[in-house]
Amino acid sequence: MADGTRDQTHSGKLTALQFRQLAATGLGPVAESAVEKFHHRFRPGVDVQLLINGPHIVTNRDKSPAYETISTMKQTWLYSMGLTLAVCLSVVEGTAFAAPESLFPDSKTGNDSGPEGVHYELGTIFRASLAGNLTHLRVYALASESGDHTARVWRNSDDTVVAGPFVWSYGGVTGWTNLDIPDVPIAADTDYTVVVSTGGGGRNYPALDGDLASAGGNGTNLTYPAGAGVFTTTAGARPDQVFQDANYLRDIVFVADPPPVIPPPLELQIKGRWPGYPRGETRGVFVAGTYAYLAQFGGGLGVYNISQPTNIVRVGGYDTPGRAVSVQVAGTLAYVADGDFGLHVFDVSNPTNVVRVGGYDTPGVAEEVRVVGALAYVADGGSLQILNVANPTNVFWVGQWITPGYARGVAVAGTRAYVATADAGLQIYDVSDPTNVAYLGTFDTSGNALGVAVSGNVAYVADGQDGVLALNVANPANITPLRTNDTAGYTYRLRVDGARLHAADAQGGLAIFDISGGTNLTLLGSYPTSKSTFETFIVGTTAYLASGSDGLQVLDISNPANITLTAQAGRAASVTGVHVADDIAYIADEVNGLEILNATNPAAITRLGGFYSGGPTWSVLVESNRAYVADGYFGLRILDVTNPANPDVLGSFNPGGDAWSVQIVSNKTYGAFRGGGLQILDTSLPAAVQSLGSIAVPGFAAAEVQVRVNLAYVADGAYGLEIYNVSNPANIIPLSTNVTGGYAYGLDVVGTRAYLADGYQGVKVFDVSQPTNVIQLGSYPSREAWKVRVHGNLAYVANGADGLLVLDVSNPANIIEAARVATGGYARDVKVAGSRIYLADGEWGLTVFEAPPRFGPPQKTNGLFEATLLNLTGTGTLQFESSANAVGWMPLQTNTITGREQLLSVPLAPGSTNRIFRAKVR
């Protein structure tokens with residue numbers, strides 16, 4: 001938390017509750033005593049700085065003894081409230097944070113048990129609850145002792161000496177004495193034995209009979225079992241015999257490892273989005289005046305200005321919580337059927353500022369809405385729902401009928417409601433009294449009734465795979481078929497316009513029928529669309545098609561035998577990949593191909609151009625004005641993007657299988673092909689791409705490849721991480737396959753570590769220093785990790801529906817979540833450039849974050865303290881300061897911000913025990 005918030009209603013008091021909330025954002029467990037210590041008042045307007053390390057807190061207004069812990073901290077983080085502080089990191093020299101401790105107090109004394117003239121190895125069994133170091137050995141010496149003693153520390157589980165032997169000469173004085181030894185690391189919850197032999201002379205030694213009959217400890221981190229005092233007469237052996245539960249006063253000095261330094265949460269800010277709204281499949285369309293209203297499934301309601309048919313522009317919309325599938329406009333109100341979230345009512349009097357004014361969560365899945373007067377009729381999955389919408393701010397339920405099939409479409413004519421109920425065919429109800437709906441009749445169609453339109457006594461049913469069916473419904477109790485016409489694909493919805501019937505056909509596009517003959521369904525013409533068409537809306541000689549992922553298609557139907565496309569807008573999006581070069585963002589869109597954006601100003605991203613291939617584009621790499629596009633089943637495409645408005649195809653390569661990712665290293669192009677394995681190509685002549693070598697990967701799901709020197713690392717779906725020797729492309733050699741339990745979509749390799757985005761298994765970190773013996777170092781769970789990029793100690797994860805996840809991976813065994821931002825989209829790729837993070841965010845397009853300034857890992861080298869402040873933006877003055885106590889600050893250096901990084905390098909004062917550093921942006 002770089003900037004805290006004063007609760008001025010409590011005279012500047014930051015409450016314990018607020019502190020707990022702060023702790024919950026990433027500081028880890030916080031002791032209740034620490035919360036109470038923090039729960040104090042300070043004057044409004046006074047800066048308060050906090051030093052936080054695990055549960056320990058000190059402040060510049062707290063002069064309790066705990067404040068002195070600052071003098072022994074090895075590392076800590078500095079927070080500040082009320083300052084113009086970009087970021088603060090404190091790095092302190094000195095001893096370990098924890099206080100030294102021993103098994104026995106100085107008041108414990110022993111009796112002289114000699115002379116016996118026998119050599120004994122005398123020890124005490126102990127364990128520590130925390131990992132740490134032994135810094136000294138400790139014994140209670142006797143005046144009667146003399147000569148050299150031999151000291152060791154044993155690990156009991158495997159009879160291993162972990163420290164020693166040390167020759168320790170003492171005696172002649174009674175009392176506790178210490179032996180300084182090199183630090184010996186010990187593990188938590190592990191039994192050890194500290195052993196010191198008897199010396200020379202009469203071989204006297206201290207003993208306290210019965211003292212260790214019961215288990216005990218020092219009340220902090222050290223414990224011992226019953227019978228912990230042990231001996232043996234075999235020199236150099238680990239003692240394991242017990243006599244009269246004696247304590248031989250063999251002891252240690254232990255210092256627990258400091259608690260992990262928990263970095264402050266990384267406060268990411270969304271600086272811009274493109275296009276700035278979700279773009280989903282267009283399922284429903286309604287035209288009123290110069291605006292088209294689209295139900296865009298995951299994209300909610302979209303409003304488009306169609307006054308210039310050749311330049312249709314989205315002017316507004318609303319991201320509904322469900323899946324918008326149907327829309328109707330009446331006056332200044334738009335009614336949207338939103339799937340699981342029922343009916344929404346919007347004020348669209350200002351199309352640039354659509355406002356939700358009311359709605360009703362129907363019990364089923366709202367599939368279609370038709371509004372007549374003050375009533376809204378909703379085909380709601382398992383029922384027909386009737387709602388009163390006279391007051392859109394207070395929509396209420398009026399009546400219903402539980403349908404025998406799944407209600408997909410509804411039409412209302414007079415006092416009758418006609419409901420298409422999928423495999424239960426057409427249902428007709430009397431709705432003259434909407435509070436008391438009455439059943440009139442049914443007709444079980446041969447197909448799957450999805451939509452219905454009514455003209456006079458004829459009901460036209462969109463019957464799915466069986467096309468269009470015309471029914472005589474003059475007598476609902478005796479419905480009779482008139483005519484059918486099997487369309488080219490799967491008929492969804494119908495609309496009657498005078499003597500013509502317009503059918504929206506999933507595979508066949510638009511079909512126009514002449515119905516003037518009453519019983520006849522004469523096909524006048526059709527227009528095939530590349531994507532599923534769900535609904536049509538007719539205005540004169542213009543047809544507006546809800547064409548799924550192709551968005552809104554506008555057709556000239558003045559001559560049904562020669563229908564032409566006039567305009568297209570509102571294409572869906574599924575941005576899956578991103579590459580950034582010189583503030584130009586190249587995004588791979590599964591639906592729209594390659595998009596090229598000017599992201600110099602993230603708050604106002606503009607489209608420069610693009611290339612639509614027709615295939616599912618997965619990722620893109622740009623080098624030297626060439627875009628290498630992994631274009632799904634179209635393979636690898638190479639484009640000249642010198643002119644972003646008009647990319648030119650230079651060449652392609654398709655070995656079979658979907659192209660998912662590409663990397664260029666040392667004039668070789670490496671491609672990951674799902675089904676086509678790892679491919680190594682010579683693309684120096686794009687028009688004649690040469691294959692240098694390939695290998696089929698065992699998972700047949702190569703999703704990403706990265707190459708370091710002569711090694712290729714492949715994320716291979718269920719087969720996890722694979723490593724290949726590619727020094728000879730004609731003879732690629734598998735080195736290891738590491739099945740991880742998840743589904744590997746992406747990876748990043750930095751130094752000797754590989755970071756794997758392992759799908760629903762989250763992020764995993766591996767030591768790949770030995771490619772034939774890969775070792776997992778740590779993992780972090782996440783919803784669905786697609787891609788990971790590592791910069792410094794941070795891993796940026798494209799985390800599916802959970803957006804962006806940032807992890808501190810400085811210690812792979814203890815990965816810490818630094819930030820998490822739910823973006824509303826579906827994150828599939830991420831790139832980092834300078835202080836900006838670019839997220840390929842599914843239907844939302846591109847989301848750009850700005851990371852706040854932060855220090856990179858600090859170092860102490862040759863008497864210098866050095867740390868780099870990262871992610872600087874703009875201009876200004878950067879002031880570095882130091883302090884010994886976080887109260888008085890001394891200026892160190894002042895720099896003008898000229899780039900995104902600034903190095904702090906200052907000499908450390910000789911003999912100093914503490915230096916705390918901070919940076920302020922003025």
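Predicted model: local features only at pLDDT ≥ 70, side-chain atom pairs only at ≥ 80, totals over all residues.
Colleague: Which strands stand at the edges of the open sheet of four strands?
Modeller: The sheet has the order β18-β19-β20-β21, with antiparallel pairing. An edge strand has a single partner, so one side of it is left without a neighbour in the sheet. The strands at the edges are β18 (284–288) and β21 (313–318).

Colleague: By how many degrees are neighbouring strands of this sheet turned against each other on average?
Modeller: The angle is an average over neighbouring strands of the sheet, with direction ignored. The value is 20 degrees.

Colleague: Which residue in β21 is the bridge partner of Gly 302?
Modeller: Strand β20 covers residues 301–305 and is joined to β21 by five bridges, the two running antiparallel. In β21, the partner of Gly 302 is Gly 317.

Colleague: Which residue takes a positive phi in the hairpin of β38 and β39?
Modeller: Six bridges join β38 (residues 491–497) to β39, and the strands run antiparallel. Asp 497 has Arg 500 as its bridge partner in β39. Two residues lie between the strands, and the one with a positive phi near 65 degrees is Gly 498.

Colleague: In β40, what is the bridge partner of Leu 501?
Modeller: β39 and β40 form a hairpin with three residues between them. Six bridges join β39 to β40 (residues 509–514), in antiparallel fashion. The partner of Leu 501 is Phe 513.

Terms used:
Residues numbered from 1 in each chain as written. Heavy atoms only, no water. Pairing = 2+ DSSP bridges. Axes fitted to C-alpha atoms, helices over the stretch in contact; angles between N-to-C directions.
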